[in-house]
Amino acid sequence: MSVDVDKSAQPPADAPPPQSLKAIPVRHYGRWVAAIVVIGLIALLGRAFATADVNWDAIPQYMFNADILKGLRNTLLITVLSMIIGIVGGVILAVMRQSKNPVTSTVAWFYVWFFRGTPVYVQLFLWFNLGLVFQYIDIMPIYKDEWSDFMTPFLCALLGLGLNEAAYMAEICRAGLNAVDEGQTEAAHALGMSHAKTLRRIIVPQAMRVIVPPTGNEVINMLKTSSLVIAVQYYDLLQAAQNVGRDSGVVVEMLILAAAWYLIATTVLSIGQYYLERYYARGSSRQLPLTPLQRAKAKLSGGFNRSAGGAA
């Protein structure tokens, strides 16, 4: 069987090749305007600080001052200890909220309601001033002492920050536990696992993927919130910066120095949070995203390969 081909529909042999379409990108004038405005504002801010009467040499001079480093050490200590109390208390409260026991679930709900509903600054003052209504602390068979000797500035700061954080961590942990499918619990119970073992071996490891990211944010937020402990006379980074600034006459410079140390600490914590999130994402992502170091190496190797190809 032959097929007739319409020769008139075919292009002539000497016809020029078809030209490829050239895509013209859409112009975004708003982006240029926004960039110019932002650059202008940054330039004005830089000019304001450049012409201000700021002794910039005092910042590196006092960067590693003994009092500043002591305040930084106390800030990191109260942050770590408060987060430990917050995480442990949050896990316990989350399990209590999930309990079928109405007493424990109600107590956990009331705790979260109270500590989330009142400012941490008020809670710090409350712990600090309880000595006005309690003369002694009396735990009958264990401990008895005057309240003023027992409730030190360190303990006020620790209780105020740690107990408040436990309320927020309880909701984070509860959300992580609820994110695990109920079938996982049913399967574990069908295999004969106890409730505690199911939580420890099945539920909590899977919930960590949901719990870790907001927990990292809470650690960073705790580091900054710890500056409020100056209200209860705890010697932290902010208190040290104010004392050094008052004694040396460089008040604003020392506040800038304190801000610089907070930025350094939060940057280190952010890097740790990134790698911790990446670690717990292994079970949900088929291919993990490249780390900043891996992306930098890929770009460098890609640029090297292109330059080598061009030379060849």
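Colleague: How many residues lie between S1 and S2 in the hairpin that they form?

Modeller: In this predicted model, strand S1 covers residues 136-139 and strand S2 covers residues 143-146, and the two run antiparallel, joined by 4 bridges. Within this pairing, isoleucine 137 stands opposite aspartate 145 in S2. The number of residues between S1 and S2 in the hairpin is 3.

Colleague: Which residues are linked with Glu171 in a network of salt bridges?

Modeller: Glutamate 171 forms a salt bridge with arginine 97, with the closest N and O atoms 3.1 Å apart, and because glutamate 171 lies in helix H7 (residues 153-179) and arginine 97 in helix H3 (residues 66-98), this pair ties together parts that are 74 residues apart in sequence. Arginine 116 also forms a salt bridge with glutamate 171, at 3.7 Å between the closest N and O atoms, and that pair links helix H4 (residues 102-117) to helix H7 across 55 residues. A further salt bridge, with the closest N and O atoms 2.9 Å apart, joins glutamate 171 to arginine 174. The residues linked with Glu171 in the network are therefore Arg97, Arg116 and Arg174.

Colleague: Is glutamate 171 buried or exposed?

Modeller: The cut-off for a buried residue is under 20% relative accessible area. Glutamate 171 has a relative accessible area of 19%, and so the residue counts as buried.

Methods:
Residues are numbered from 1 along each chain as its sequence is written. This is a predicted model: local features need pLDDT of at least 70, side-chain atom pairs count only at pLDDT 80 or more; totals for chains, interfaces and linings use all residues. Side-chain values use heavy atoms; hydrogens and water are left out. Two strands pair if DSSP finds at least two bridges between them. A salt bridge is a side-chain nitrogen of Lys or Arg within 4 Å of a carboxyl oxygen of Asp or Glu. Buried means under 20% relative accessible area, exposed over 50%, partly exposed in between (1.4 Å probe, protein chains only).
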